[in-house]
Amino acid sequence: MAVVGVSVPRLDGLDKVRGATRYTADLELPGMLYARVLRSTYPHARLLRVDASRAARLPGVVVLTRDDLQGMDPCYGPVVRDQPIVALDKVRYVGDVVAAVAAEERDLAEEALDLVQVEYEPLPAVFDPLEAMRPGAPLIHERTLAMDAAILPGPIVHLERSGNTRSSHHVEQGDVEAGFAEADEIFEDTYTLPIIQHGHLEPHAALATWEASGKLVVYSSTQSPSQVRTQLAELFRLPESQVRIIVPCLGAGYGAKLYCKLEPLAAALARKARRPVQWALTREEVFLTIVRHAAVVRLKTGVKRDGTLLARQIEVVYDTGAYADCGPRVAKNSCHSSAGPYRIPHQRLTSYCVYTNKPPAGAFRGFGVPQVCWAYESQMDDIARRLGIDPLELRLKNLLREGDQFVTGEQLTSIGGSRCLEQVAETIGLRSAENESADLRLQSADWSQSALCNLKSQINRTQHSALVRGKGLACMIKSSTAATNSAASVRLNADGSAQLLTSAVEIGQGCGTTLAQIVAETLGLPLERVSVSLPDTDVTPYDFGTMSSRTIFSNGHAARQAALQVRTQVLDVAAQALEAAPQDLEIADGVVRVQGAPERCLTFAQVFQARFGTAVGSLFGNDDFQTRGGVDPETGKGKAAAFWFWSAAAAEVEVDTETGKVRVLKAAISVDAGKAINPRQCALQNEGSMLTALGSALFEELVFDNGQPINASFLDYMLPSLEDCPDSFQPWLVETPHPDGPFGAKGVGEAGLGPVAPAIGNAVANALGGVRIRDLPLRPDRVLSAECRVEGTQHPALGGLPP
């Protein structure tokens, strides 16, 4: 192939490095106002009074409160309508929006906020999802039928009708109790992960304006323009044709910019002001708008002494915060993947999405699966250690294979899991002789505190200081959303240039380049002759959203099929003009030739001359690609994925046993891409996954004090820096073509992230002689505390904390 599979430079690269790319916050419209919002300082309180009269008297200031939401549906959400544009009856977390103002100057807007008077009646709050599930816990939402009406059609999730548990999902196969009875060893563990922030460079922004005709136009940094259009149309009771969403380039999203975020409030303010309104968040506000779910994972596994996995029971509780957002779908998606990429005959898998009085949690790169991957891959190494089996061999022995049936009942295809594992293991040297002295294996008879301490002492003696090293690996399976659709249109011009119309969002992943490669390859054009649109719902066709790493698989499939329609038209016209059969023709560099007789050829201009009688006009192709499927919300059975991700990671770490600091020395990621359309971009996606997961493994957690976030800024929130990057990083790509992907391609955006944290955790456990830390992040105090639990001593650096 001429273009596909080639690491061509990004088409938007020069604009970005020159600072020429325009983002939503860069846009201005005549008469535009700037929005600011007043946020709750209480985690849970009843709103007794909201008085904005003094603020409204300021010249040029427009104020929005709950009194302005008459004549519209005041609540929105991608699964349930539980989040109001501004608070109605009560506030549910610190940061909940109480009122909004718009003014010609930002400083004036801030001044107006200070004049809004609010009277609260504090209510009991709950911050722990396990506490929130208990009878008698403070109730965060009073349920209504209107609230529970799903915006997305069809039976999406199983909604709970009372209490703080918003949804649950369950799937099982075999007889779990019989499996545990047959097992030689049973492992039961609990793992936790905290709330973390997405860390995208560009804050959320939206610019809304109402045309004289009553049409709503919104410029937004959203990953899902078509779905935002649907939700805004419902909110304001408009036909979708009266809502237009325009999306410039995004400065990353990682799931944080899916569905409605700022758009409803910006549109409501603009309607009242009768002027355009821009709302761009500060970094501190981003932390209060959307986060990744904290999770508690309870995992029980039964295994034979030869390493055969027999039974696995999992219960996962996701903290979805004050509003559901897409939390019920996150919980459902992770549930069917929570047993991992393994053949386990007996499984019982359950997940819960639970309200708390914390910021809303939504989609994050991996959609809930990295949380469960942390649990099952940590336990896999403990199983290997107890049984005295090499951890790589244990995984390879139990991996799902081509044609196996998944727990949902669907048959698996395009599986590259074993190759991913073997690549990263070889890269990190997990089979090498030098690793034997710090092997992850321990005989079950030696599983005791004294054996662990002795092994740790042996490892320490091999070092010149308090530094010890270890290696670890992990693997993951994840689904890409089933039951979605993406449409594309391709227009070929007489001069041999082509344009792809798509609503795929350029969020930094380079889809504008890769989609252009697919069209160029299909039409036989030089890459520079293909342009790709940015989303504009008045012009570009429907797309489910830039999420779930589905863009190349779904939008790419639609783009290729649309381009094939154009190609067929070109070949049919050229065949008649050249007196040859269409199958005997080829297209390359914008010229149609007879195979074996290159002198018999036509340029595209000549093809158009033959078709239209003049070298003007356009040829069009259109396609709507649907991935059918979905699982029954009651049984969990069905088709869970358009395609499955397979990935693996490995790491070598250095642990300072005096300070507890963990440093990653080497890292490797391998992802089954199906077919890498642009290998360099795939490698960079893997590198980004590694850095994101490095932060969540070692540093990142949003900390709260009675519901008040205390590190909600990049000054206090610990993101990884260049200094924290591994000395060596190797991204690998496996190619197991998928029959439905364009040229066999799947997706890579999320795949590499999930296994990184457990690979690092397993490496730390290896370095510490088997001491397991089950709570993320792997902070120094946790490392020191874990050491002391084994030694039965108290480390002086812990400052008096109990072991």
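**Cavities and helix packing**

About 60 Å³ of space lies in the second largest cavity. This is a predicted model, in which local features need pLDDT of at least 70 and side-chain atom pairs count only at pLDDT 80 or more, while totals for chains, interfaces and linings use all residues. Residues are numbered from 1 along each chain as its sequence is written, and side-chain values use heavy atoms, with hydrogens and water left out.

A cavity here is a set of points, on a 1 Å grid over the protein atoms alone, where a 1.4 Å probe fits but cannot get out, and its lining residues have an atom within 4 Å of a point. Grid points are joined across faces, edges and corners, and a volume is the space filled by probe spheres set on the points.

Which residues line the second largest cavity? They are Leu193, Arg292, Pro370, Trp374, Ala693, Ser696, Leu753, Gly754, Ala757 and Leu776. Helix 11 (369–387) and helix 18 (679–698) are the elements that give two or more residues to this lining; helices (H or I, at least four residues) are DSSP runs, numbered from the N terminus. By class, the lining has 7 nonpolar, 2 polar and 1 charged residues, where Ala, Val, Leu, Ile, Met, Phe, Trp, Tyr, Cys and Pro count as nonpolar, Asp, Glu, Lys and Arg as charged, and the others, Gly among them, as polar.

Now for the helices. The axes of helix 12 (residues 391–398) and helix 13 (residues 417–428) come within 10 Å and cross at roughly 170 degrees. Helix 12 is therefore roughly antiparallel to helix 13, the word for angles over 145 degrees, whereas 65 to 115 counts as roughly perpendicular. Axes are lines fitted to C-alpha atoms, over the stretch in contact for helices, and angles run from 0 to 180 degrees between N-to-C directions. In contact (heavy atoms within 4.5 Å), Leu392, Arg395 and Leu396 of helix 12 meet Ser418, Leu421, Glu422 and Ala425 of helix 13.

Helix 16 and helix 17 (residues 604–612) pack with their axes 9 Å apart, at an angle of about 80 degrees, so helix 16 is roughly perpendicular to helix 17.

How values were computed: 1 Å grid on protein atoms, 1.4 Å probe; cavity = no way out; pocket = protein on both sides within 12 Å on 5 of 7 lines; lining within 4 Å. Parallel < 35°, antiparallel > 145°, perpendicular 65-115°, else oblique.
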